[in-house]
Amino acid sequence: MMKALYRSRLLSGTAFLILVTGATYACGDFLEGAPQGALDEQTLANQAGVEGTLIAAYRVLDWNNGVGGDWGTAASNWVWGDVTSDDSYKGSEASDQPNVTDLELYNWTTGQAESYLNDKWRGSYEGVVRANATIKLLNAVVENNPAEISQANQERIRGEALFLRAHFHFEAWRMWANIPYYTEDDTDFRKSNVGVDPVASILSDLDQAIQLLPATQNDVGRATQWTAKAYKGRVQVYSGDYAGAITTLGDVRTSGPYALEQDFSRVWTGFQQYSNGPETILAYQASANDGEPDGNNANYGERLNFPHSGSPFGCCGFHQPTQNLVNFFAVDAVTGLPLALTDPNWNARDANLDATASAAMALDPRLDWTVGRDGVPYKDWGAHAPGWIRAPAYGGPYSAKKSAYESASGAVSNVGWVNTQLSSMNIHIYRYADLLLLLAEANVEAGSLEEARAIVNEIRARAGMAAQGPGTSSSNIAVAINDPSTTWADYQIGLYPGPWTDQAAARTAVRYERRLELAMEGQRFFDLRRWGIAEQVLNAYLAVEGTRRPFLTAATAFTARYNLFPIPPIQIELSRVEGEDRLQQNPGW
Amino acid sequence: MQRMPQGRPPFRKGRFDFFRGVGMSLLFALVLVGTALGQQVQVSGIVTSVSGEFLAGVNVGVQRTDIRVTTDAGGRYAITAPADGVLVFSFIGYRALALNVAGRSIVDVVLEPAVAVLDELIVTGYTEQRRADITGAVSSVDVASMAKQSSASVLQRLDGRVAGVTVDASGSPGSRTTVRIRGVSSFQNNDPLYIIDGTPTEDTYINWLNPNDIESIQVLKDASAASIYGSRATNGVVIIETRKRGSSTTPRFTVDVKTGMATPVRGYDDFLILDALDYHEIVKRSYENAGLPVPTNVYGDPNNPTVPAYIWPNDGVNQTTTVDENTYSFPNTLIMPGSAGTNWWDAVFDPAVVTDVNLGMSGSGEGHGYNVSLNYLNQQGTAAFNRFQRGSARVNTQFEHGRFTVGENLAVAFEQFVGGAGDPGGFAEGGILGKNILMQPVVPVYDVGGNFAAGKAVTLGNQSNPLKEAWANKDDIGKNIKVFGNVFAGVTLAEELQLTTKFGFNLNEQSITGYDPIDPELSEPSFSNGINESYSTFRDWTWSNTLSYSTTLAGRHEVDVLLGQEANQNRSRFNASSINNLITTDINARYIQDAIGDPDTKNVSSSGGTGALLSFFGKVDYNYAQRYHLSATVRRDGSSRLGPNNRWGTFPAFSVGWRMSQEPFMQDNQFFTNVMLRFGWGLTGNQSIPTGRIVSQFGGGRGDTFYAIQGGNTIAAGFRQTSLGNPDLKWEENQSINAGLDLEFFGGSTSLVIDVYQRETDNLLFDPPTPGAAGVAAPPIVNIGKMKNRGIDFSLGYTGTVGAGTWSASFNGSHYRNEIVRIDGVQDFFYGPIETRYGNQVINQIGYPIGSFYGLEADGFFEDDAAVAAHATQDGAAPGRIRFRDVNGDGQINLEDRGIIGSPHPDFTAGLDLALQMGAFDFSATVFGTFGNEIFDVQKEFYVFRNFSTNVRSDLLTDSWEPGKTDAKYPRLDANDTFSGQQISSFYIEDGSYVRLRNLQIGYRVPQSFVPETRVYVQAENLFTITGYSGLDPALPAASTFGAAGDIRDQYRGVDRGAYPSNKTISIGISAAF
């Protein structure tokens, strides 16, 4: 008995001591585990935090890092605007980036197409999320610490964020039309896309931005009041409000800070001194050698779109211009106007238009700023050659050229996988020539044909200022279009003699000009859809082009449903609430 | 005939578990009270078998103490024991015997053979238990058999040895191991918890642990056994005990030396095209069948192809026949000769030597015991420039003084991995395996200047030269310094009351240095090189305190009580840096310094994590007359990773057992020597997620939030939300039920153990994707999913005699079925974590096992145009291309026709262990088999569909579809066919079943007159494999796969992306003791 008592005392005594020890751990915040190496929201609740959050929203203008989104979120929209149109093929070889092949061949219900569509969806809304995060954080700082950010800065920041929110929604709207609109007040991310008027919301955000933004900014990358106004006009044209567009864009043309560059060589260039020139309205500000170890801030979205193996770039041969596009640059040797206006056989040529073949051909000088052709200098990299092409039997003999930087520009990245594909060359998202052509388009639709003609001629006059020459420095890459050194073409460009009286003819002229000026800039497919002629143009294109590039014969016929991209099914699934899909698929998909 | 004792951790205090009361001497001082123990005497004797053979390695212990020795080669032992104590003799294959010392100084013993191991003491969680008393699902590993393998990690040797345990690893030296116990129960990490000498760790390498040091391994498979480890025990527990002490007062020295030669079990050169012109034939047919002109830039005229004099330079149109080799200049003007047929596999893989040297010293004396060992392992990789080396030392000592026990188990190891032939990247393209080794045969290994060559011309692809990859990584070294162990102290408070405290530590420091060369030889060249290095430190400590009490009431009620408390904290820190564009690539200059490269490219970052666990637990074991057993456990755990309100989880368990053979009605039965029915139920927890996820995190990086807002190349800082927090995170809980039957019959020569179980995991920790509109911040981790595993494990053992020899066989098998029951209440599925070139072939879908294969169903090839017309509309349909099944019958082949097309989970896995002892010779063999698991062979993208112009299988020449060919294995060679291969389909799936002779060993004991106790042996590992799998090696390692919520490799299994194959290793060895 004594022994048992003794034991139990001992037992309880020891147990007590152990518990005391344990309690010591518990009291000492032993189980408190703060995240390591991360910021919290409070740390950012000040001006620096708000400004930084805004910077992160701008970063999404070209956005391939972080999401694993490959090239579906490139600033230039080359996948969505060009490969799906008659301007370019996916290029390279059959099996690389098969996702883009599925988009090219209108196999839009495959898993591979879905993955790209999903990237574009997520990239667009990540931009929206970051813009809204800026506004939310700004509101919180203003409420809790009104003196932290000056009134002027508050307005500027809010204006920029609203502008960016409008831009990212516009990107999504152009793709899918039926999209939900998210503001800083939203906490439910499974909103419906039914009964939504995204255009009204975009315009409302832009109007607010116009009110809030200053006319000029110190940083070239920031949106100004004029950026927002120019963008508003763009949205108005896209949504068919031509009268509104004429007012908005006319104001920008008359009073705004923009102008055309003196010649075409300065529009797409790696030379820093020509970046952010008068023609730039909104561009992705690429940077190279900025300390980012993989070159992710360079024009990453374009990195595949350089000539391949034997070229100085080495990779990857994507975004190859079509034969159709090359043929489209032929001009009438007498008038200097597009041959396609007058010659129904303008697209007859199947063979490679290399320097020899084109030596005596009348060509729009913009061809050789847009397309890399054999024997023709590729900016200042020497003559483009057959060995630069990855798989000529597949993607044809041409290379993309606009997004290539000049050797002498020094824009190349020092780092990254195949560093030669990365550079600090900016990517135009919206340039003044685009604005002018949108205004011309609105004028045609509104019946102001002569206004349109004046604009088209302004564009053409600039196009005639310079041709690709054999030079190797910033001062001599471009030469006069009749320079004797340009032995590979007879460059001609004529102005439209007046007056324009036939609306249909004027419409055709404006649309042709838009293709010539903005070819390979990620616009074409959206233009064809906006004009309501995508089905007719693309089926005709496929019928002919399929004889040149057999892989195109596998394309699915273009029908009405292709006027909108399918909403990525995975996003519809993720929108489900209590068994009901909040996102409704687009018609026909 | 020295067999290793099984499951004997000699230093532990009998059934009185050592109670790890924290080592606070103050505490001890407070409780220091007690009575004198009995008088100690020295006892010695000889242990023999019934046939008179001296038995070496027999465990002799003093009951209810941790005093224990083993017999030497002459069967001799010497031990200090209380004059009134009880000696327990136990040895595998023999009936254990307990004898009263009764004041004797010599106790000779004869052991009777039996398979029964019922009286053996095994460690099952803070305590030891008699095998007979165990009511949970606990398997012991045959350590002696396991020792006959040469892999660096002990984990890799578990394969096929325990029913219900599977092991995956690659053939790369020192590679990671994936051990799974009874399938997969979580979307997160499913690694079991390892308890090494009482100190927990979750480590998928354990390369630092010298397999030679191991004395016993127990696998706790069900919750009723494992729940004493509560948190982290969801995936089962593997308890490893190292050798603690020798048997004699004079030190016993052992030397074990083994050396072997390893070759890959199979090479790509066994089934790829090796001749350049044969390869051209593939290209030619592909283009001709597509109606395209055949490229001429390499082989010239397609109708009269020749191996080119040079593949580079090349103008893209014409074969290069002459080049002035004097113009060669590295790196800008390279000249590469054409090769008639490079065997790339042979260029990279070679036989490799494995050497393992162990020195040991052990002994014991009055009041102390020790075991000291040294190990050196050098394992060359079969791939060039790749090896693993380990040096380790272990010191285990223990001292007893009166009622006190103190000691430590300490291992110090240095590991070094050289060369970077690791896991392939996401597209099966990284590393030197993957697609790189599929270089075309016309490409030479070296260019004319002696530098590495590659397929620079168009049509030759852009694979890296795999030998160059290996060469460039030859100075990439990963070093690991590990200190792992514990110090412990125990005190016997009263006769049956024991307090133990143990402080365990796990310190790790790792460094990795790497080099990326310029690649001017590539078709897609890169001229930017760089170096990188990283350091990580890991500090983990566990302090446990236990109090145990044991009593027998009224002679028939045995009660053991355990109370304990444990605290654990871990911190990790990781630091990485790099610099590019090096001024010099000299190995001695490879430091991150401004002057050594381009300082603008210098990049430094660090990260870290910290976590803590606090636990209280208790256990009661009761049995009545060793007939009715009851065990109950409860553990309460608090985790810093979980929400403040849900931090604490309670994990109860109970199990019951009925030893029917003890019943009076069985007493006359001559057949069964043991019949035990067991049933257990228990809850275990899981919190294997990154730390810090209960709050939202913000951050950013130069590459994804910084932006050159001012133009130019100066970037401004940007911030974004990087992850969404969930303050309500709580424990993932696994509820498991186990029913088991243990049988022993034929006089104890045969045993059978069967367990059936169900494991249901609820509140699965999981980060379901958020809608795109919520942005790309890492989704919050939530507790919402549910998963279920059902299965059966069994093992059958037999020991018999043949002439003068003995032989034994044990066979184990297991089957499980895994099913996802719920994901998040919204989604029916989510895709796997890794996409390959053609998309994602893995899905996690309700009603199916985790990581199922998903895609279209391939249904042969279109015979002709009529067959195309008769079929549902299918993109790219043409004769000779793959026909996909219109699963939903809507007349169209599209995403809707996708479904589950396979599973990486086996239907059945089995292991067979055979041993024969005949005079001085012994023989053993281990066979492993897995059946019904499927492999998704991503490499077919390359070696069948020639994506990126890789080399292809040689049978494509003969077995590709042609008009009229009805037995084609592959679709038509067609350069325009981007449809057959680019759809993820069942065409990629093959049966991954295989049977492999893991190990075969023949040993010979040298007569002792010649040298003392020497055994020599030869062994062969992976000598043959029977499989229908057409790829390299069906034994695939699990890919390294991490999500925002942690290690998720179980969502991605059975996908062949070009893994380092297993090796066939032939070794000779010698073991000596004196």
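Buried area is the accessible area, taken with a 1.4 Å probe, that two parts lose on being put together, summed over both. The structure is a predicted model, in which local features need pLDDT of at least 70 and side-chain atom pairs count only at pLDDT 80 or more, while totals for chains, interfaces and linings use all residues. Residues are numbered from 1 along each chain as its sequence is written, chains are lettered from A in the order in which they are written, and side-chain values use heavy atoms, with hydrogens and water left out.

Between chain B and chain A the buried area is about 8800 Å², and carbon and sulfur atoms give 61% of it. On the side of chain B, Phe698(B), Tyr707(B) and Phe719(B) lose the most area to chain A, together 9% of what that side buries. Counted by contact, meaning heavy atoms within 4.5 Å, 108 residues of chain B touch 107 residues of chain A.

Within chain A, helix α8 (residues 225–238) packs against helix α9 (residues 242–255) at an angle of about 150°, with the axes 8 Å apart; helices here are DSSP runs of H or I with at least four residues, and strands are runs of E with at least two. Axes are lines fitted to C-alpha atoms, for helices over the stretch in contact, and angles run from 0 to 180 degrees between N-to-C directions. α8(A) and α9(A) are therefore roughly antiparallel (an angle over 145 degrees). The residues that meet include Trp226(A) and Lys229(A) from α8(A), and Tyr242(A) and Leu249(A) from α9(A).

A second pair in chain A consists of helix α14 (residues 449–463) and helix α15 (residues 503–518), whose axes come within 10 Å and cross at roughly 25°. That makes α14(A) roughly parallel to α15(A), the term for angles under 35 degrees. Among the residues making this contact are Leu449(A) and Val456(A) of α14(A), together with Val510(A) and Leu516(A) of α15(A).

In chain B, three strands form an open sheet with mixed pairing, in the order β47-β46-β53, where two strands pair if DSSP finds at least two bridges between them. β47 (989–991) and β53 (1055–1056) of chain B stand at the edges with a single partner strand each, so one side of each is left without a neighbour in the sheet. Strand β46 (residues 934–937) of chain B runs antiparallel to β47(B) and is joined to β47(B) by three bridges, and Glu934(B) has Asp991(B) in β47(B) as its bridge partner.

How values were computed. Parallel < 35°, antiparallel > 145°, perpendicular 65-115°, else oblique.
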